[in-house]
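Notebook open. I wanted the overall fold first, then whatever pocket turned up.

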Amino acid sequence: MVATAVMSVTLEPPSIAVAINRSASIHTPLLERGAFVINLLSKENEDIANGFMASKGESRFAFGPWAAHESSEADLNRLPYLANAQAAISCRLTDSIRKGTHTLVIGEVIDVIQAETFSPLLYCNGTYCSLA
C-alpha cells in the first residue's frame with residue numbers, strides 16, 4: 001500500500017505507526033503476519049508509487065526491484081522490501097488500535113536498511129516534489 005503518513009511513536013523502544021484502512025487488501029495479512037516493512041521512497045521511486053496506487057494485491061510487486069529481508073527474527077524473515085528505496089524499516093507489530101474505518105498499526109523497529117544517497121520522494125499539495 002502507499003501510505004501518505006507514517007509517524008514516530010517512541011524512541012525507546014524505537015516505534016512507528018501507520019493507519020491502514022480495514023478494507024485494504026494488506027490489512028488482514030499484516031495483522032496475521034505480525035511484522036511489516038515501511039519503505040521510504042526516493043525520488044527515483046515515483047513510478048513505483050504510482051504503480052502501487054493503480055494496482056491491487058500481489059500485482060503491485062511487478063513494480064520495482066524487490067528483495068526478501070533475511071533475518072534471524074522468525075517474524076521478519078523473508079519480508080519483502082524495496083531494494084532501491086531511500087530506506088526500508090522492518091518492524092515487529094506490537095499493537096493495533098481500531099478506530100472507525102482504519103486500524104492504527106504500531107511496530108517496533110527491528111532493522112533499517114538505508115540508501116547511500118539522500119533523495120527522498122515527497123508528496124505535497126497533490127504533486128511529487130523534492131527538497132531544494
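Below are my entries on fold, then pocket.

Before anything else: this is a predicted model, where local features need pLDDT of at least 70, side-chain atom pairs count only at pLDDT 80 or more, and totals for chains, interfaces and linings use all residues. Residues are numbered from 1 along each chain as its sequence is written, and side-chain values use heavy atoms, with hydrogens and water left out.

Fold. I looked up the secondary structure and got two helices and nine strands, taken as DSSP runs numbered from the N terminus (helices H or I, at least four residues; strands E, at least two). Along the sequence I read β-β-α-β-α-β-β-β-β-β-β.

Burial. I found 31% of the 132 residues buried, meaning under 20% relative accessible area with a 1.4 Å probe, protein chains only.

For my notes, a pocket is an open set of points on a 1 Å grid over the protein atoms alone, where a 1.4 Å probe fits, with protein on both sides within 12 Å along at least five of seven lines; lining residues have an atom within 4 Å of a point. Of its 49 lining residues, Met1, Val2, Ala3, Ile38 and Asn39 sit closest to the centre. Strand E3 (35-40) is among the elements giving two or more residues to the lining, and E3 has the largest share, six residues.

Definitions and conventions: Buried means under 20% relative accessible area, exposed over 50%, partly exposed in between (1.4 Å probe, protein chains only).
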